[in-house]
Amino acid sequence: MKLIFLGTGGGRFSSINQRRMTGGFRIDNLGGKNYHVDPGPGALVRTYQFGLDPRNVDGVFVSHAHTDHYNDAEILIEAMTNGMTQDGGHIIGSRSVLSGYESWGPCISSYHQSKSHVLEMEEGDIRYFDNCLIKATPTRHGDPKAIGFQIEYKDFKISYTADTAYFPELPKAHEGADVFIASVLRPGKKSIRGHLSSSGFIKLIKEIKPDLAIMTHLGLKMISNHPIAEAKRITKLTGIKTLAAFDGMSLDINYNNPAKARIVSLKDVDAPYHGANSNLSNFERRNVNKLADKNRESDEVELIKRYRY
């Protein structure tokens with residue numbers, strides 16, 4: 001299994017200035033399936049930028065109705081369903097994202113929900129999909145219907161807090177997590193309402209005791225405060241290996257020993273052909289042809305051959 005971070009910035013101001021990307025993260029090869037979690041602004045572009053294909057996604061997860069979490073969800077759903085021409089994939093999200101709640105959402109149109117298996121979840125709900133069990137975990141955030149996720153596959157659990165403040169019941173919701181991913185907006189003790197700071201993250205790690213903890217969705221203060229050094233400090237305080245995710249970070253996770261995950265920094269490559277790109281290498285041309293043949297996009301193949309882009 002791989003965890004691939006296509007954006008590790010969080011909050012509206014990180015999204016606006018893009019000091020860190022905001023494309024969310026992917027869980028790849030979980031039981032042979034790939035999932036994109038909280039695809040914020042730029043998720044589609046970052047997918048190509050780091051050499052991945054959005055068309056091989058089997059599910060899109062959206063935790064709540066804030067732009068930095070849902071912005072690119074619909075275009076990824078279009079990729080997942082071959083331009084809304086085929087049934088397939090899963091859309092998993094909160095009530096606010098899928099149906100709307102008071103002034104929040106909906107964030108994904110009924111049209112975009114029409115080709116996929118839709119799981120609308122509220123805190124405490126448990127559902128099955130693709131040989132996995134998913135539990136919607138509670139949050140305390142601006143969107144009152146926001147949820148986190150815990151995914152279980154063959155007794156291996158990945159937990160993701162999404163955006164939330166710390167509260168006493170939160171650790172129990174994520175208990176048993178082998179890999180624990182949290183949105184940590186700020187370093188130290190000063191948190192913003194509805195978000196974790198390092199102090200809340202440390203409390204969670206000490207109570208949950210995962211094999212591996214990862215902080216992502218970093219705010220401007222965290223980004224400016226050397227997040228890798230902050231992660232090392234948290235590791236020392238908790239005794240749990242803690243990583244600060246960075247844009248393009250790929251983790252090869254060993255189910256038996258997640259703390260020994262191999263860290264790879266993905267190369268920033270030219271996007272596969274999706275327009276007139278004169279800089280495509282020969283390798284990329286071959287890759288484009290294979291992808292186009294696989295997805296029956298012969299028009300693109302013919303354009304490449306005809307004009308030798």
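I began with Ser63, which is found in the loop between strand S4 (59-62) and helix H3 (67-70); helices (H or I, at least four residues) and strands (E, at least two) are DSSP runs, numbered from the N terminus. I note at once that this is a predicted model, in which local features need pLDDT of at least 70 and side-chain atom pairs count only at pLDDT 80 or more, while totals for chains, interfaces and linings use all residues. Residues are numbered from 1 along each chain as its sequence is written, and side-chain values use heavy atoms, with hydrogens and water left out.

**Entry on Ser63.** I looked up the accessibility of Ser63 and found a relative accessible area of 0%, so Ser63 is buried (buried means under 20% relative accessible area, exposed over 50%, and partly exposed in between, with a 1.4 Å probe and protein chains only). I then listed the contacts of Ser63, leaving aside neighbours within four places in sequence, and these are Asp38, His69, Ser94, Val97, Ala146, Ile147, Phe149 and Ala162; contact here means heavy atoms within 4.5 Å.

**Entry on backbone angles.** Ala162, one of the residues in contact with Ser63, has a phi near 55°, a positive value in a residue other than glycine. I place Ala162 in the loop between S10 and helix H6 (170-173), and at 1% relative accessibility Ala162 counts as buried. Asp155 also has a positive phi, near 70°, and is likewise a residue other than glycine. Asp155 lies in the loop between S9 and strand S10 (156-160), and with a relative accessible area of 67% Asp155 is exposed. I also noted a cis peptide bond between Gly105 and Pro106, with omega about 0°, and Pro106 lies in the loop between H5 and S6.

**Entry on salt bridges.** How many salt bridges does the structure hold? I find 9 salt bridges, each being a side-chain nitrogen of Lys or Arg within 4 Å of a carboxyl oxygen of Asp or Glu. I looked at Glu122 with Arg95, where the closest N and O atoms of the salt bridge are 3.9 Å apart. This pair links distant parts of the chain, with Glu122 in the loop between strand S6 (117-121) and strand S7 (126-129) and Arg95 in helix H5 (residues 95-98), 27 residues apart. Glu122 is partly exposed, with a relative accessible area of 29%, and Arg95, at 29% relative accessibility, counts as partly exposed. Glu122 also meets the side chain of Lys145 in a salt bridge (2.9 Å, N to O). Because Lys145 lies in the loop between strand S8 (132-137) and strand S9 (148-153), and Glu122 in the loop between S6 and S7, the pair ties together parts that are 23 residues apart in sequence. I note, too, that salt bridges that share partners join Lys2, Asp252 and Arg262 into one network. Asp53 forms a salt bridge with Arg55, with the closest N and O atoms 3.1 Å apart, and Asp53 is buried, with a relative accessible area of 11%.

**Entry on the largest pocket.** I took a pocket, on a 1 Å grid over the protein atoms alone with a 1.4 Å probe, to be an open set of points with protein on both sides within 12 Å along at least five of seven lines, its lining residues having an atom within 4 Å of a point. The largest pocket has a volume of about 530 Å³, the volume being the space filled by probe spheres set on the points, which are joined across faces, edges and corners. Of the 24 residues that line the largest pocket, the closest to its centre are Gly11, Arg12, Phe13, Leu185 and His195. The elements that give two or more residues to this lining are helix H1 (12-17), H3, strand S11 (179-186) and helix H8 (220-223), and H1 gives the most, with 5 residues. The lining divides into 6 nonpolar, 11 polar and 7 charged residues (Ala, Val, Leu, Ile, Met, Phe, Trp, Tyr, Cys and Pro count as nonpolar, Asp, Glu, Lys and Arg as charged, and the others, Gly among them, as polar).

**Entry on the whole chain.** The protein comes to 11 helices and 16 strands, and of its 309 residues 54% count as buried. The protein averages a pLDDT of 90, and 87% of the residues score at least 70, pLDDT being the predictor's confidence in each residue, from 0 to 100. Over residues 271-281 the pLDDT is below 50, and this stretch has 18 contacts in the model beyond near neighbours in sequence.
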